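Colleague: I have just opened my first protein model, and I would like to learn how to read it. Could we go through it together?

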Amino acid sequence: MEQELAMLRQLLSHFHELSQLYGYNTTSFHPHPLLHSYSYSSSSSPSCCFYSSCFLNLDDNLVEENCNSVIMPAEKPGSLKMVDHYKPPPTKRSRKERNRGKHSGSSNSSENMSQELWKEFPEDLLEAVIARLPIATFFRFRSVCRKWNGMLTSRSFTEHCAQVSLSQPWFYTITHENVNTGAIYDPSAKKWRHPTIPPLPPKVILLPVASVGGLVCFLDIGHRLFYICNPLTQVWKELPPRSVKVWSRVAVGMIQYGNSTTHGYKILWFGRDGEYEIYDSLKNTWARPGNLPSGIKLPLSLNFRSNTVSVDATIYFMRSEPDGIVSCDMVSGIWKQHLIPTPPNSTDHNLAECGGRIFLVGLLTKNAATCVCVWELQKMTLLWKEVDRMPNVWCLEFYGKHVRMTCLGNKSLLMLSLRSRQMNRIVTYDVAKREWLKVPGCVLPRGRKRQWIACGTAFNPCLTAVP
């Protein structure tokens with residue numbers, strides 16, 4: 001016993017010497033009286049004994065003796081079991097070591113998580129979380145299990161998706177060099193995606209002509225058959241043949257019931273001689289619920305290069321000679337015509353819509369200078385007012401060139417394909433923010449040449465939209 005106490009006193013003396021050696025401001029060392037006057041009484045209870053514990057406090061730069069009375073069971077009478085509570089001073093670790101410790105701690109905690117806990121995770125909460133994932137992330141997660149893959153057909157998952165605010169629209173395009181497959185541009189990721197189209201009838205070339213919600217309407221190049229497709233899920237539907245046989249070019253528009261295509265949608269095609277029909281997805285039939293008013297003179301010179309726009313239940317078409325807009329209310333079946341002259345020295349006109357307001361996008365040419373301009377339709381005067389232009393630095397590239405423009409999209413975000421013999425540029429324009437952005441060139445997966453955009457349309461990516 002005396003030998004053990006002597007060793008303890010020697011250890012504390014070493015601590016005191018080391019603190020003075022390294023310049024710590026320490027108080028004089030006085031061993032605890034217990035270390036000098038310890039005696040063991042055989043008459044005391046053999047079931048317990050006492051010891052002192054001492055700690056080194058580097059924060060206060062002094063050596064303290066914190067003597068705590070701890071009761072511990074004794075193994076044998078007349079013996080003292082020493083418990084060493086001393087811990088070496090903490091040493092500064094590198095950032096790499098600290099990060100390694102965090103990762104190892106997180107991995108250990110994840111390994112210790114009970115699988116039973118995740119089995120009881122609420123199903124509706126899981127669907128609500130997945131419905132808010134980015135579209136590309138969800139498609140990677142579909143391969144996790146059959147249950148997640150089957151969410152696309154779940155009614156509850158469809159309801160959760162309907163509650164999520166719409167993201168930026170995507171663009172489905174057809175290029176000049178590859179008319180059999182489409183290319184989809186995702187503006188949020190600034191990437192081109194090349195989907196695989198399911199087998200279609202042989203020698204059928206489909207062109208996107210309109211969209212609503214997450215659905216895109218296609219018309220074959222012979223103007224005979226209509227198809228509806230969700231470009232994300234690659235689910236196709238061929239519509240029944242039209243009752244009016246019109247093989248000339250037609251303008252097409254779409255609307256949906258409510259805030260989702262699950263409640264139904266309508267398609268309107270309109271010919272230059274006044275022929276038109278409306279398709280109702282709930283009835284799966286074509287019908288003609290009225291006639292054109294006598295004030296609309298035929299034949300119409302429709303601008304087939306311009307996409308149609310829809311505000312609520314009304315679809316707007318652009319016409320020329322004379323210039324103006326023709327509209328159709330899909331609920332009441334009432335047609336109207338407004339003669340609105342286009343801005344002078346402008347070409348390649350395209351309609352657009354943002355927040356219920358109608359815009360016009362086109363090329364403004366003066367002498368050898370060409371610029372992209374945006375006009376807004378004034379409701380009081382029914383005239384076009386210029387509200388924005390492409391940055392002049394970008395327009396310098398068009399100087400002296402014969403530029404043609406194709407406009408995709410009829411909502412708040414537009415894609416403009418500008419091309420000439422020496423140039424091929426693609427930009428996007430945010431109507432609400434008045435923001436111009438350059439788009440990376442569209443290149444096929446195993447190609448190098450930039451593709452020219454021939455036609456296309458914008459659509460809101462929706463996982464649960466069903467044709």
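Colleague: Let me begin with strand 7 (residues 215-220): how many of its residues are buried?

Modeller: Before that, a word on the source: this is a predicted model, where local features need pLDDT of at least 70 and side-chain atom pairs count only at pLDDT 80 or more, while totals for chains, interfaces and linings use all residues. Residues are numbered from 1 along each chain as its sequence is written, and side-chain values use heavy atoms, with hydrogens and water left out. Strands are DSSP runs of E with at least two residues, numbered from the N terminus. Buried means under 20% relative accessible area, exposed means over 50%, and partly exposed lies in between (1.4 Å probe, protein chains only). In strand 7, six of the six residues are buried, so the strand is largely enclosed by the rest of the structure.

Colleague: Which residues of strand 7 lie on one side, and which on the other?

Modeller: Here is the general idea: in a regular strand the side chains alternate between the two faces of the sheet. In strand 7, one side carries L215, C217 and L219, and the other carries V216, F218 and D220. Both faces are covered, with all of these residues buried.

Colleague: And in what sense do strand 6 and strand 7 pair?

Modeller: Two strands pair if DSSP finds at least two bridges between them. Strand 6 (residues 206-212) pairs with strand 7 in the antiparallel sense, over six bridges. For one place to look, find L206, whose bridge partner in strand 7 is D220. The two strands form a hairpin with two residues between them, and G213 in the turn has a positive phi of about 60°.

Colleague: How many bridges join strand 7 and strand 8?

Modeller: Strand 7 and strand 8 (residues 226-230) pair over four bridges, in the antiparallel sense. Here C217 stands opposite I228. This hairpin has five residues between its strands, and H223 in the turn has a positive phi of about 60°.

Colleague: Let us turn to side chains. How many salt bridges does the count come to?

Modeller: A salt bridge is a side-chain nitrogen of Lys or Arg within 4 Å of a carboxyl oxygen of Asp or Glu. By this rule, the count comes to five. One of them joins D348 and R404, at 3.3 Å from N to O. D348 lies in strand 19 (residues 346-354) and R404 in strand 23 (residues 404-408), so the pair ties together parts that are 56 residues apart in sequence.

Colleague: Is D348 buried or exposed?

Modeller: D348 is buried, with a relative accessible area of 12%, whereas R404 is partly exposed at 33%.

Colleague: Which residue forms a salt bridge with E376?

Modeller: That is R357, with the closest N and O atoms 3.5 Å apart. E376 sits in strand 21 (residues 369-377) and R357 in strand 20 (residues 357-366), so this pair ties together parts that are 19 residues apart in sequence. E376 is buried at 13% relative accessible area, and R357 is partly exposed at 36%.

Colleague: To finish, in what order do the four strands of the open sheet come?

Modeller: The order is 23-24-25-26, with antiparallel pairing. Strand 23 and strand 26 (435-438) stand at the edges with a single partner strand each, so one side of each is left without a neighbour in the sheet. Within this sheet, strand 25 (residues 424-430) pairs with strand 26 over four bridges, and Y429 stands opposite W436.
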